Amino acid sequence: MIVHPKVHELAKMIDHSLLHPTMTDADMLKGCKIALDYDVASVCIKPYAVPLAVEILKNSNVLVGTVIGFPHGNSTLEIKVAETLQACKDGAVEIDMVVNIGKVLQEDWDYVEREIAAVCKATHENNGILKVIFENDHLPEDKYKIRLCEICSKLGVDFVKTSTGYGFVKGADGSYNYKGATSKDLELMRSHSDPQVQVKAAGGVRTLDGLLEVRAFGVSRIGATATVAIIQEAKERFGDGADKDVVIADTPSGY
């Protein structure tokens, strides 16, 4: 398969998200095939389906990731570690962990740091990378995000991440709203994290222009469900590889 180098570069910024609670095994199977066809960075799949993704994506360049304490971060530290170890045992190499949001808001930083450190240790000892999800919609002041960036930098996590995609905030009128990855938060997270800590934007990046915008803020990964639309738009804008080709080896689909 031949793709334009720009398209390939952008595809490798995408973690194809397969986390919606209504997704069936068939839905996730289809999603893994999309990730394979478009040669994205990874799939981020429900924990129980990690073995399914590993089988489909074996011999490809698409990594398998999953979520820990998802989506509200309320599991005990010990359960988050156990989830991480099981995910790694099942073949996941990328771990997206949700912090304990209540502990963040009460500024119990000792607990927050112990929790992140424990999951980071379990992940790195199993040759995985850790992305720490802040769920910024639930953090009303920048001070919480800044402190989390400082802790994550201290502990050597691999990514800080804006959102789960499911952090809806109830308004005074009873309606639920969600912002996801905002430019303000992305700039803040990039500026307050060590250079070796990457930034992942999740929630609301649904177009090629959206991807290019967050990249300009220093983002190196996004979580997306609109992968097909983004990459198809990139192919239309940047071409099909006719001028400078990148050859991606065709790999078995696993079917």
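Trainee: In which loop is the place of Asp 39?
Mentor: Helices and strands here are DSSP runs numbered from the N terminus (helices are H or I with at least four residues, strands are E with at least two). This is a predicted model in which local features need pLDDT of at least 70 and side-chain atom pairs count only at pLDDT 80 or more, while totals for chains, interfaces and linings use all residues. Residues are numbered from 1 along each chain as its sequence is written, and side-chain values use heavy atoms, leaving out hydrogens and water. With that settled, Asp 39 sits in the loop between α2 (25-38) and β3 (42-45).

Trainee: Which value is phi of Asp 39 near?
Mentor: Asp 39 counts as buried, at 6% relative accessibility (buried is under 20% relative accessible area, exposed over 50%, partly exposed in between, with a 1.4 Å probe and protein chains only). Its phi is positive in a residue other than glycine, near 50°.

Trainee: Does Asn 59 count as buried or exposed?
Mentor: Asn 59 lies in the loop between α3 (50-57) and β4. Its phi is also a positive value in a residue other than glycine, near 65°. At 60% relative accessibility, Asn 59 counts as exposed.

Trainee: How many Å separate the C-alpha atoms of Ser 60 and Leu 36?
Mentor: Ser 60 is found in the loop between α3 and β4, and it is buried, with a relative accessible area of 18%. Along the chain, Ser 60 and Leu 36 are 24 residues apart, and their C-alpha atoms are separated by 7.3 Å.

Trainee: Which peptide bond is cis?
Mentor: Look at the loop between β4 (63-68) and α4 (77-90), where Pro 71 is found. Omega is near 0° for the cis bond from Phe 70 to Pro 71.

Trainee: What is the radius of gyration of the protein chain?
Mentor: Start with the secondary structure, which comes to 10 helices and 12 strands. For 255 residues the globule rule gives 18 Å, and the chain comes close to that, so it is as compact as a globular protein of that length (the radius is taken over C-alpha atoms, and the rule is 2.2 Å times the number of residues to the power 0.38). The radius of gyration is 18 Å.

Trainee: Which residues have the most contacts inside the largest nonpolar core?
Mentor: A nonpolar core is a set of buried Ala, Val, Leu, Ile, Met, Phe, Trp, Tyr and Cys residues joined through side-chain atoms within 4.5 Å. The largest one has 70 residues, and its largest share, 7 residues, comes from helix α6 (residues 109-125). The residues with the most contacts inside it are Val 43, Ile 116, Phe 134, Leu 148 and Ile 222.

Trainee: What is the relative accessible area of Ile 222?
Mentor: Ile 222 is found in strand β11 (residues 221-224). Leaving out residues up to four places away in sequence, its contacts (heavy atoms within 4.5 Å) include Met 13, Ile 14, Leu 211, Val 214 and Ile 230. Ile 222 is buried, with a relative accessible area of 0%.

Trainee: How many Å apart in space are Phe 159 and Ser 193, C-alpha to C-alpha?
Mentor: Phe 159 is found in strand β7 (residues 159-161), and it is buried, with a relative accessible area of 2%. Among the residues it touches beyond four places in sequence are Ile 129, Val 132, Val 197 and Arg 221. Phe 159 and Ser 193 are 34 residues apart in sequence, and C-alpha to C-alpha they are apart by 9.3 Å.

Trainee: In which loop does Thr 162 lie?
Mentor: Thr 162 is buried, with a relative accessible area of 0%. Setting aside neighbours within four places in sequence, it is in contact with residues including Phe 134, Met 189 and Ala 201. Thr 162 lies in the loop between β7 and β8 (169-170).

Trainee: How far apart do the centres of the positive and negative side chains lie?
Mentor: Lys and Arg count as positive and Asp and Glu as negative, with His and the chain ends not counted; each charge is placed at NZ of Lys, CZ of Arg, CG of Asp or CD of Glu. The protein chain has 28 positive and 36 negative side chains. The centres of the two sets lie apart by 1 Å.
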